[in-house]
Amino acid sequence: MLTAALIATGAEIVIPLLTKAAIDGPIAGAAKRGPAHGDGLLLIIGVAALALGITDAVLNMIRRWITASAAARLEQSVREDLYAHLQRLEPSFHEEWQSGQLLSRATTDLSAIRRFAGFGVVFLIITVVSFAVIVALLIGLNPLLGLLTAAVFAPVTLLCLRFERGYRTLSRRVQDQQDDLATNVEEAAAGIRVLKAFGRRKQASAAHLALARRVYQTQASKARLRGAFWASLDLVPNVAIAMILLLGALAVSRHELTTGGLVAFVALVLQLVWPVEAMGYILATGQEAATAAQRVYEILDTPPAITSPAAPAPPQRSRAACELVLDHVQFRYPGSPQPVLRDVCLRLVPGETVALVGATGSGKTTLLHLIARFADPTTGSIRLNGTDIRELPLPVLRSAIACAFEDPTLFSVSVKENVMLGAPGAPDAAVATALAAAQAEFVADLPWGDQTRIGEQGMSLSGGQRQRIALARAVLADPGLLLLDDPLSALDVHTEAKVTAALGEVLAGSTALVVAHRPSTVALADRVAVLDEGVIIATGAHRELLEGCPRYQFLMTSDLGAGVRG
Ligand SMILES: Nc1ncnc2c1ncn2[C@@H]1O[C@H](COP(=O)(O)OP(=O)(O)OP(=O)(O)O)[C@@H](O)[C@H]1O
Ligand SMILES: [Mg+2]
């Protein structure tokens, strides 16, 4: 690519020298010795110039092809790395970063990098090389004039340095402001129902407009800076040409320079105009690419906090029901003053189903997240079949556990593909069984059955339908340890009773920890653990606890209407 570019530039530079040869040789000769003298030489020079012109065009075309595809490949590979890294990062990273920040980095910034990689880098090298070659040729033609010309171009360097500094700050600002804009658009789309229901469209538009105006203003200052810089760049070659015409004519009259030499001189200096102007463009895209790369690296340089151990524990059977031990687990969210979990001790024997009961906000979801290793306990340990989960390779841990979370996340693929996320490659019969266990018979009534594509975030399904598909996904995984976070909260009592009965059979093969708010869900469990103020204050059978644990009684009896009272 670079070879093609350099040869093409070389061809361009040689053309003025041929012009000089033509003027000083055949043309000057004809003037002295009469027409038709030296026609043969002129023809050769003409053909040579034509050949050089064609070479230049063809090589430039080849260079464009190569660079464009190389740049596209570069963009793709950075994009792959970025996506893979985002997948490796723990959930708390994604909570901390706004969606727009990630979005604009994965799109706008990568394009900026591609633009510079595609054209900027090659231009930069060509510009520097051709500048050096042309100045050397100019000095060869006439040392004094050549050096003077070089001196006129010297301030370009200073200009560039000043421009770069200012432009870097502005491009970073624009790119950061675009993050906020992207987040705003994303949230408005996701929250459209809330905005409409409360009639807050105007306020939302106003907030969006304010953000968009901020981006516009920064873009405008960027354009102003670029405009002033490019204009001053334009000025330099023009000053040089005026100077050359004046001093060059003087030199020709004193026979220090041939007429052909002067023409070649001007033609060569004209060839500097474009590289110098290109310099402005290169520096601008270069700065944008640099800030873009910096922003992408802010993500790539964030090390994942949750990683597989360097020396993993020896492998264990992952399919059999697991034993789960929570040993004095304490957890504090980064930045929050109080620990959510203070001292949680609990043991689940293989095959046991334990219901986790606690007031809202008591840390039940947090506890499940620790077991799935979305975060590590601040102190204490979680052991699966006797091994600390931090010593298990992540794939092993993740294949031993399946979860259904509070907000059932579905992807915009078919129902079946959503369920099969639990066990890729599971046979159709297993998928059907899992759907049946979750009482998701409604799937059969969807337009294309389990092949029906679900809308973004499962929006086309009801809350309870989404919950049952997420449940089927966890059931299909048939894990050693099942974590269910209030899996039946959106179901009516009759459906809930059916799911409970079916789940009872499914759960028999797995160890399960089920977060429950309602006595009917608690009925699934062999045993209940009560979480209060960051500790497990009591464990035991439902009926025992109702009698012996006032806190449990309080939590359960506030729901008397749906009561399954032991
Ligand atoms: N990412 C987070 N950063 C800081 N604090 C958090 C975070 N997530 C949850 N919390 C806090 O931790 C506490 C426990 O939250 P958690 O979601 O575990 O409660 P929960 O018992 O599942 O409640 P619910 O029954 O309403 O689902 C809450 O006070 C909550 O505000
Ligand atoms: Mg919760």
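Buried means under 20% relative accessible area, exposed means over 50%, and partly exposed is in between, with a 1.4 Å probe and protein chains only. This is a predicted model, where local features need pLDDT of at least 70, side-chain atom pairs count only at pLDDT 80 or more, and totals for chains, interfaces and linings use all residues. Residues are numbered from 1 along each chain as its sequence is written, chains are lettered from A and ligands numbered from 1 in the order in which they are written, and side-chain values use heavy atoms, with hydrogens and water left out.

**Exercise 1.** Decide whether Arg518 and Glu496 are buried or exposed.

Solution. 
- Their salt bridge has its closest N and O atoms 3.4 Å apart.
- Arg518 is in the loop between strand S8 (511–515) and helix H16 (519–522), while Glu496 is in helix H15 (residues 493–507), 22 residues apart.
- Arg518 comes out at 17% relative accessibility, so it counts as buried. Glu496 comes out at 0%, so it's buried too.

**Exercise 2.** Find what Asp176 pairs with, and which network the pair belongs to.

Solution. 
- The partner is Arg295, with the closest N and O atoms 2.7 Å apart.
- Asp176 is in helix H6 (residues 155–190) and Arg295 in helix H9 (residues 259–300), 119 residues apart.
- Asp176 is partly exposed at 27% relative accessible area, whereas Arg295 is buried at 1%.
- Through shared partners, salt bridges join Arg105, Asp109, Arg172, Asp176, Asp179, Arg295 and Glu298 into one network.
- By the same rule, the count comes to 20 salt bridges.

**Exercise 3.** Identify the residues that coordinate the magnesium ion (ligand 2).

Solution. 
- Look for donors: N, O and S atoms within 2.8 Å of the metal (3.2 Å for Na, K and Ca); water is not among the atoms, so sites may look incomplete.
- You get Thr365 (OG1) and Glu406 (OE), at 1.9 to 2.3 Å.
- Thr365 lies in helix H10 (residues 364–371) and Glu406 in the loop between strand S6 (401–404) and helix H12 (415–420), so parts 41 residues apart in sequence are tied together.
- Glu406 is partly exposed, at 43% relative accessibility.

**Exercise 4.** Describe the surroundings of Thr452.

Solution. 
- Thr452 is in the loop between helix H13 (428–437) and helix H14 (463–477).
- With a relative accessible area of 9%, Thr452 is buried.
- Contact means heavy atoms within 4.5 Å. Leaving out residues up to four places away in sequence, Thr452 touches Val413, Ser414, Val415, Leu446 and Pro447.
- The side chain of Thr452 also reaches the backbone nitrogen of Trp448 at 3.0 Å. That's a polar contact (a pair of N or O atoms within 3.5 Å; within protein, one must be able to donate a hydrogen and the other to accept it, and residues adjacent in sequence count only if both atoms are side-chain atoms).

Notes. Helices (H or I, at least four residues) and strands (E, at least two) are DSSP runs, numbered from the N terminus. A salt bridge is a side-chain nitrogen of Lys or Arg within 4 Å of a carboxyl oxygen of Asp or Glu.
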